[in-house]
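Let's take a walk through this model together. Keep the sequence and the 3D view side by side as we go.

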Amino acid sequence: MGLKQKTADLKKRMREAVKGGGSKAIEKQKAIGKKTARERILAILDSKSFHEYDMFVKHAGTEFNMDKKFLPGDGVITGTGTISGHPVCIYAQDFTVAGGSLGWAHAKKITKIMDHAMKLKIPIIGINDSGGARIQEGVNALAGYGEIFYRNTQASGVIPQISVILGPCAGGAVYSPALTDFVFVVEGVSKMFITGPEVIKTVLGEEISMEDLGGAKVHCEITGNAHFYAKDEEECFYQIKELVSFIPWNNELKAIPYPKKSPKKKYNIPEIIPADPRQPYDVRDIIKALADDSEFFEIQELFAANIVIGFGRVVGQTVGFVANQPLVLAGVLDVDSSDKAGRFIRYCNAFNIPLVTLVDLPGYLPGVDQEHAGVIRHGAKLLYAYSEATVPKITVIMRKAYGGGYIAMCSHHLRADFVCAWPTAEIAVMGPEGAANIIFRNEIKNAENPDEMRKQKVKEYKNKFANPYVAAAYGYVDAVIEPYETRSFIVHALEVSSHKKVRSPKKRHGIPPF
Amino acid sequence: MAKTTEKPVEAKRSPYKSLAVESIKYRTKLTTKYLKRKAYAPVDERKITAFIPGTIKKIFVKEGNRIKEGDKLLIFEAMKMNNSILAPVDGIIEKVNVKVGDKVNKQLVLIDIK
């Protein structure tokens, strides 16, 4: 064969491989609003940047007549490319090939691209669309999952790991996304569960649809397994590109800075925040008043909305915002919000992203359900994450900061580097009503008019303690500033802390309450 | 900005409610998860309930029977296992709410003890 024929042969082989599961399977995939694996990769990456690896890998099944079957690429496409110039490794399971099932060679392709990402120190994106383990390959399929999980864990905190669920992801397969940093889901397409509706029905007699059991909404609102919810795949890809722009390529780098921009004029703090601590407002408007171009990229928007987390930029530099949300459940801390914020803080710390914490909370959510759900150990995650974090930590106490909530929200005591408070701040051991009821119990009980006395005592307590100056007198807040000065406070804090170094005690690792 | 961030967290239809934390009432929105939480009820040992869905295989007691703690009340099949349900307390059977062969849901009261 001459070069010409050999080239023609190569092209033929490539055409075969690119066909995936064939036109019929592709049609079926498209009929339910799904793109093919290759289309997904191309839609996420910059045009012409995708370079595919291992196109000609053969599957490893020998039993049950599998040796006679040809599975193009063994049901997974892997490669490298760029997203707005950021290099990434990527893989996409191809549901049209044997249901995207995971066999030995399929897993080998995934682990190879994961190892590649670790060596190149760039993010890895995994697109999941698979029926699960390829049963015909038996224990080798399980081995494949195990190898992936191990690598997910090793890569955790070293390179960003992004999971995109664009189809079923059931049984053991769910644990790879669960081990990664960010999980993206799409309405009507994503399905994640350990045991499916069939098993639940046979064993427990409970009937539930796949969507209600483990659909996109469920994982965004109830379980907190997913971080980004999208109506369709297009929106999902847009979110992925946004995310990649905010994070560094690995844990030794900082996120690439953007040209600095001022916040938009319409976000004016004095107009956003009611002085009465009992009145709600949307804390995201405050974040927008602080972030460049008023751009805020929210994470886990639908889960535990009483705390808000996400990325923004301040003078071009990525920062992680953590803020109590008075709009939802008065911004209390509870099981879910502690878990949500705790994990995000650890993410920011792992990837050199400074933390800006905006405080306005009444305390912890009261209730038997919270206590029994373990608000003690879950709440402890937040304390642990803040205490452990060594990136620059900036805290703004906006209004109320009562009791344990004050300590937990990155107080000086947990080693915040910069704490400022607004004149509206109320830093106290508890809310004035509760405190007055305890301290002046006898005076109130013995008064001629107890209600009148209670009101008077609450007022006295409020005047004396519901302000930032008691804490400021002890040096627990570094500065009391006017709200409009907050952005320049943060800008300055970032400027002077860019070389911050903290030595933590030598240990293999801590024992966080997870 | 991600498209999703432009939607309100809680649908606009939900008006502000009041939430009390440490004797202060806050105007705020409540989440579905919060509204769906189960109210706490203390466990009543005198109500024998199905701990998972299953089938009644055998019943050993009748109304009016005097029973001692540890007596076998019934055999309840769930998840392919025959579970002997024993009396948690001494007492008298007030009512048997099921018969052999019944398929029961989780939390159904099978037997009341007086």
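Is Ser84(A) buried or exposed? Ser84(A) counts as exposed because it has 11 C-beta neighbours inside 10 Å, and a residue with 12 or fewer falls in that class. Setting aside the residues within four places in sequence, the contacts of Ser84(A) are Asp46(A), Lys241(A) and Ser245(A).

Now turn to helix 12 of chain A, residues 283-290, for another kind of setting. This helix is mostly covered, with 7 of its 8 residues buried. Those buried residues are Val283(A), Arg284(A), Ile286(A), Ile287(A), Lys288(A), Ala289(A) and Leu290(A). And what covers them? Two helices of chain A are part of the cover, helix 11 (269-272) and helix 21 (486-496). The cover also includes strand 10 (296-299), strand 11 (307-314), strand 12 (317-324) and strand 13 (355-361) of chain A.

Next, let's move over to chain B. Its secondary structure consists of 10 strands and 1 helix, and along the sequence these run β-β-α-β-β-β-β-β-β-β-β. Of the 114 residues in chain B, 20% are buried. If you take the chain B contacts between residues at least 6 apart in sequence, 47% of them join residues at least 24 apart.

Where do the two chains meet? The contact draws 38 residues from chain A and 29 residues from chain B. On the chain B side, the elements that supply two or more residues are strand 1 (17-21), strand 2 (24-28) and helix 1 (32-35). Strand 2 of chain B makes the largest contribution to that side, with 5 residues. Sorted by class, the chain B side holds 14 nonpolar, 10 charged and 5 polar residues.

Finally, a word on confidence. The model has an ipTM of 0.80 and a pTM of 0.92. Chain B has an average pLDDT of 85, and 88% of its residues score at least 70. Residues 1-6 of chain B stay under 50 in pLDDT, and the model gives this stretch 17 contacts beyond four places in sequence. Where pLDDT is low, predicted coordinates should not be read in detail.

Definitions and conventions. Residues are numbered from 1 along each chain as its sequence is written. Chains are lettered from A and ligands numbered from 1 in the order in which they are written. This is a predicted model: local features need pLDDT of at least 70, side-chain atom pairs count only at pLDDT 80 or more; totals for chains, interfaces and linings use all residues. Helices (H or I, at least four residues) and strands (E, at least two) are DSSP runs, numbered from the N terminus. Two residues are in contact if their C-beta atoms, placed from the backbone, lie within 7 Å. Ala, Val, Leu, Ile, Met, Phe, Trp, Tyr, Cys and Pro count as nonpolar, Asp, Glu, Lys and Arg as charged, and the others, Gly among them, as polar. pLDDT is the predictor's confidence in each residue, from 0 to 100.
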